[in-house]
Amino acid sequence: MACKGSCCCGFGPVNEDNARFIMLMLFIVLYLLCGAAVFSALERPMEKQAKERWAQRFELFSQKYNLNRSDLEKFLRYYEEANMAGIRVDTLRPRWDFTGAFYFVGTVVSTIGFGMTTPATVGGKIFLIFYGLIGCAATILFFNLFLERIITVLAIILKFCHEVQRRRKGVLPHDSRQGSRNVRLSREDSLAGWKPSVYCVMLILCVAAIIVSCCASAMYSSIEGWAYLDSLYFCFVAFSTIGFGDMVSSQRASYENQAFYRIGNFILILMGVCCIYSLFNVISIVIKQVLNWLLKKLEIPCRHCHGRSLRPRRNAVMPGHHRTRARNISIDTDAVNDSETDGRRLSGEMISMRDFLAANKVNLAIMQKQLSETANGHPRPCKSTHRHNGFSGGVGALGIMNNRLAETSVER
């Protein structure tokens with residue numbers, strides 16, 4: 001592994017992003033192995049019992065009605081084909097009328113993909129490829145914009161609560177008619193550097209997702225006749241866009257108050273997907289901070305350089321008395337550390353909406369200038385002053401690109 005900073009061994013600067021990526025990859029592999037072991041232990045006995053019951057019933061049925069085994073298996077294969085086309089023993093709603101097709105395209109663009117309805121014609125399969133390509137991209141963009149707005153609302157609410165709390169403690173002055181402008185300016189200066197904690201945002205999104213899931217589960221339990229735990233299971237599978245398809249709502253031919261139920265089903269699934277998507281993005285920030293903390297704890301010494309170790313250059317979760325020292329050390333080797341946004345990331349705080357919006361406005365001229373200087377072998381030296389280039393933050397899928405741009409952008 002390469003050494004950090006200007007190292008005498010000639011291996012170049014350490015890329016902690018690669019180390020973080022490797023740790024995340026190992027964590028996912030270990031997570032998959034543990035999950036496979038748990039589900040195998042839980043579900044494998046039930047699978048064996050189901051196979052034994054089916055073999056006994058198949059044998060008893062063929063003997064009772066004196067049916068040839070091969071003919072009965074052939075008939076069952078015909079039923080499996082009909083089942084794939086949406087034909088069931090019980091009467092279900094039509095799959096490909098307008099309302100059924102609308103439900104299908106909703107599962108396509110939201111990437112839920114329950115699987116109970118699939119196109120059977122060649123034209124339908126070809127159209128689905130192009131339709132899903134644009135629809136899924138547009139829906140992901142919608143989810144990112146929803147995340148942007150929900151964080152805006154949460155930031156405003158949390159800032160208001162923080163301001164009220166500080167006013168009660170006497171840190172902020174109370175409003176008064178005399179000198180109200182000075183009071184307002186003093187309050188703005190006192191709250192200028194405050195940003196909401198990522199853990200508070202995660203907790204609020206988690207509570208919102210639980211409320212939506214519980215309300216939806218109550219509706220499904222009463223209308224679909226499912227057990228409440230099964231309804232909660234369906235809500236998570238649908239809201240997280242896993243979409244197994246073993247349980248699907250609004251599939252009967254008729255319901256009481258059918259129009260209201262289908263509208264409520266659509267609204268709850270939309271709200272649930274948005275909340276879970278936002279929650280997943282915020283949880284990913286916490287996971288990244290845990291990986292940075294692990295990198296900090298490891299501090300693998302470089303075998304080529306005495307006294308040097310691999311340290312995370314940014315996003316590290318460290319105790320408060322270590323933050324200033326870490327940032328001072330990194331000034332000479334990594335100018336990205338010396339920014340207001342990186343300081344917020346050290347303390348687990350969310351970026352402000354101004355930074356978030358600016359992060360999505362990429363200045364092409366800055367990128368071209370940086371690439372040109374790098375190609376000519378004369379990169380512009382980084383300054384240690386605060387930079388507000390807008391590339392140092394980001395949340396969600398767009399934040400990954402913005403964080404990468406933060407490492408290559410420079411000031412004008």
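A salt bridge is taken here as a side-chain nitrogen of Lys or Arg within 4 Å of a carboxyl oxygen of Asp or Glu. The model is predicted: local features need pLDDT of at least 70, side-chain atom pairs count only at pLDDT 80 or more, and totals for chains, interfaces and linings use all residues. Numbering starts from 1 along each chain as its sequence is written, and side-chain values use heavy atoms, with hydrogens and water left out.

**Figure 1. Overview of the chain and its secondary structure.** The chain contains 13 helices and 0 strands, where helices (H or I, at least four residues) and strands (E, at least two) are DSSP runs numbered from the N terminus. The pattern along the sequence is α-α-α-α-α-α-α-α-α-α-α-α-α. Of the 412 residues, 36% are buried; buried means under 20% relative accessible area, exposed over 50%, and partly exposed in between (1.4 Å probe, protein chains only). The whole structure has 6 salt bridges.

**Figure 2. A salt-bridge network formed by E59, R69 and E73.** R69 pairs with E59 at 3.2 Å, N to O. The relative accessibility of R69 is 45%, which counts as partly exposed. E59 is partly exposed at 33%, and E73 is partly exposed at 29%.

**Figure 3. The salt bridge between R252 and E224.** The closest N and O atoms of R252 and E224 are 4.0 Å apart. R252 is in the loop between α7 (228-239) and α8 (258-298), while E224 is in the loop between α6 (198-223) and α7, so the pair ties together parts 28 residues apart in sequence. R252 is partly exposed, at 35% relative accessible area. E224 is buried, at 7% relative accessibility.

**Figure 4. A nonpolar surface patch of about 1100 Å².** The patch is made by L24, F27, I28, Y31, L32, Y233, F236, I242, F244, F280, I283 and I287. Two or more residues of the patch come from each of α1, α7 and α8. Helix α1 gives the most, with 5 residues. Y31 is in helix α1 and is exposed, at 60% relative accessibility. Patches are made of residues with over 30% relative accessible area and no salt bridge; like charges are joined within 9 Å, and nonpolar side chains (Val, Leu, Ile, Met, Phe, Trp, Tyr) within 5 Å. Accessible areas come from the Shrake-Rupley method with a 1.4 Å probe, and for residues only the protein chains shown count as cover.

**Figure 5. The second largest cavity, with a volume of about 50 Å³.** A cavity is a set of points, on a 1 Å grid over the protein atoms alone, where a 1.4 Å probe fits but cannot get out; lining residues have an atom within 4 Å of a point. Grid points are joined across faces, edges and corners, and a volume is the space filled by probe spheres set on the points. By this rule there are 3 cavities of 30 Å³ or more. The second largest cavity is lined by R93, P94, R95, G100, Y103, F104, M116, T117 and Q251. This lining has 4 nonpolar, 3 polar and 2 charged residues, where Ala, Val, Leu, Ile, Met, Phe, Trp, Tyr, Cys and Pro count as nonpolar, Asp, Glu, Lys and Arg as charged, and the others, Gly among them, as polar.

Terms used
On a 1 Å grid over the protein atoms alone, a cavity is a set of points where a 1.4 Å probe fits but cannot get out, and a pocket is an open set with protein on both sides within 12 Å along at least five of seven lines; lining residues have an atom within 4 Å of a point.
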